[in-house]
Amino acid sequence: MSTAARAGDLPRLLRGLSFGAPADLAGHLEAYGPLPAPRELGARALIKLVEHSGLCGRGGAAFPTATKMRAVRAARGRPIVVANGCESEPISAKDALLLHELPHLVLDGAALAARAVGADEVIVAFEESNSTARRSLEHALAQRRAARSDAVRVELFVADERFLSGQETALVSQINGGPAKPTFTPPRPTDRGVRRRPTLIHNVETLAHLALIARHGAEWFRELGTADEPGSRLVTVAGAVSAPGVYEIESATSLRTLLSAAGGTSAELGGLLVGGYFGSWLPAAAIGQLDLSRGSLARHGAALGCGVLVALPASSCPVAETVRIAIYLATETAGQCGPCVHGTAAIARTLHGIAEGRAPRTAFADLERWTAELPGRGACHHPSGLVRFVSTALSTFAEQFDDHARHGPCHGCDGDPVLPFPAAALALA
Amino acid sequence: MQIRVNAIGCVGHGLCAELLPEWIRLDQWGYPIIKSDAIPAGLEAHARRAANACPTLALRLERG
């Protein structure tokens, strides 16, 4: 195991960005060093290593990576690995960055995941619009074939451009030729997924971490972060900061550290969105007290999820921002589960009524009932995610919602949206 | 034992809430809201009857 990379140094994953031509295999090996061969690091030792590292999934659910690997190993049948780069969260840019700039790191991780569970096939999935990922991966795969660096067959899969595309069971459904819609579990993909085989699905950032843990060890990984949340992670920062973009931070670091990594705030803030469109709104006053650990965020009813953080400037209207995204999410249901289809539509419609100052008198009581009843009642987390987004908006910006309900749109309502959304959603507004 | 609904399969017939009102009520669109706790032993037989009566077989009894 190489110890060339000094512990505690950041960046880790993004180290290769500064070495120029990162998609190049030679440059990749120069930046990160070689992977340990199977005889140096076999399947069992690799899973043990992942377990000791404490690595958890970076796609949003933070599920322990080693536990997933063990489930796939224990299932009957020849396993298959899926590298999930379907970053359908509109703000998140970390997976696209990895696929485009550091494809070899992701492919190293995918090959290691295959080694861990005894798979001979890997599918790398990304969204249709991500054509730069496709070119970069094809180029990287050609180089790897020439160098005979992989023992696995790697295929690319272009997924539908929908918000739920990257949801595990929806991705399996698409790869199997079905619609981009979640399926009921059980069976879980770890038992029966792609081609009815045990399927190990990891987010591409999780795989990139795996590529470094295999090289440098579990202790090295744990030199950053806390005992509960070790390592580094990629975060996408958007909104009123001087340098929006993807940053690699120490897990559980303070919010202030992250904001200053992004150049600091560029305006007075009205609030913060933590965890993307399934995430939570927090008051701007929380900045001083908040670190990005599970515990600290949970005390504010939040979680970092897929690693998206938005600084909402005070000049923007949080009501208008919330309504647009609620409408977008309501239009992005898979259309399968009654409670989600009806509940998300009713919530979005009522919020829109409030923003326009023409909501029925029962609007807030209705919202309270729906947001209490809806979580957990779909086949996937879509209704729960939308409810978290909406109910934290209602509590954080209670005054503004009340004001809109009474007087209609405010000055900030006409400003440019801070939270991006596909234009189709507005047709319904 | 817990009772769980396959929300994809459920189309809101509502029989379950009639057969097991102690544990299942319907939302305003007719879809079941089920208590998540373990079903008391005295209700297990009723829970089984409700699961068997579901026209889309969307109710599942799961060992907790």
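**A strand and its surroundings**

Author: In this predicted model, strand E1 (residues 80-85) of chain A is largely enclosed by the rest of the structure, because 6 of its 6 residues are buried.

Reader: Which residues point one way from E1(A), and which the other way?

Author: In a regular strand, side chains alternate between the two faces of the sheet. In E1(A), A:Val81, A:Ala83 and A:Gly85 point to one side, and all of them are buried. Pointing the other way, and likewise buried, are A:Ile80, A:Val82 and A:Asn84.

Reader: In what order do the 4 strands of the open parallel sheet of chain A stand?

Author: E1(A) is joined by 5 bridges to strand E2 (residues 121-127) of chain A, the two running parallel, and 5 bridges also join E1(A) to strand E4 (residues 199-203), again in parallel. Strand E3 (153-159) and E4 of chain A stand at the edges with a single partner strand each, so one side of each has no neighbour in the sheet. The order of the 4 strands is therefore E3-E2-E1-E4.

Reader: At about what angle to E1(A) does H5(A) run?

Author: Helix H5 (residues 103-117) of chain A lies across four strands of chain A, namely E1, E2, E3 and E4. Its direction relative to E1(A) is given by an angle of about 150 degrees.

Reader: How many residues in the contact of H2(A) with H5(A) are nonpolar?

Author: Helix H2 (residues 43-53) and H5 of chain A pack at an angle of about 115 degrees, their axes being 7 Å apart, and H2(A) passes H5(A) in a left-handed crossing. In this contact A:Ala43, A:Leu46 and A:Ile47 of H2(A) meet A:Leu112, A:Arg115 and A:Ala116 of H5(A). By class these residues comprise 1 charged and no polar, and the number of nonpolar ones is 5.

Reader: How many residues does domain 3 of chain A bring to the contact with domain 1?

Author: Chain A is divided into domain 1 (13-222), domain 2 (232-313) and domain 3 (318-428). The centres of domain 1 and domain 3, taken over C-alpha atoms, are separated by 34 Å. Their contact takes 10 residues from domain 1, and the number from domain 3 is 9.

Reader: How many residues on the side of chain B that touches chain A are nonpolar?

Author: The contact between the chains takes 10 residues from chain A and 10 residues from chain B. On the side of chain B, 2 residues are polar and 1 is charged, and the nonpolar residues number 7.

How values were computed
Residues numbered from 1 in each chain as written. Chains lettered and ligands numbered in written order. Predicted model: local features only at pLDDT ≥ 70, side-chain atom pairs only at ≥ 80, totals over all residues. Buried ≥ 20, exposed ≤ 12 C-beta atoms within 10 Å, placed from the backbone. Pairing = 2+ DSSP bridges. Axes fitted to C-alpha atoms, helices over the stretch in contact; angles between N-to-C directions. Left-handed = near helix turned anticlockwise from the far one by under 90°. Contact = placed C-beta atoms within 7 Å. Nonpolar A, V, L, I, M, F, W, Y, C, P; charged D, E, K, R; others polar. Domains from an automatic or database assignment.
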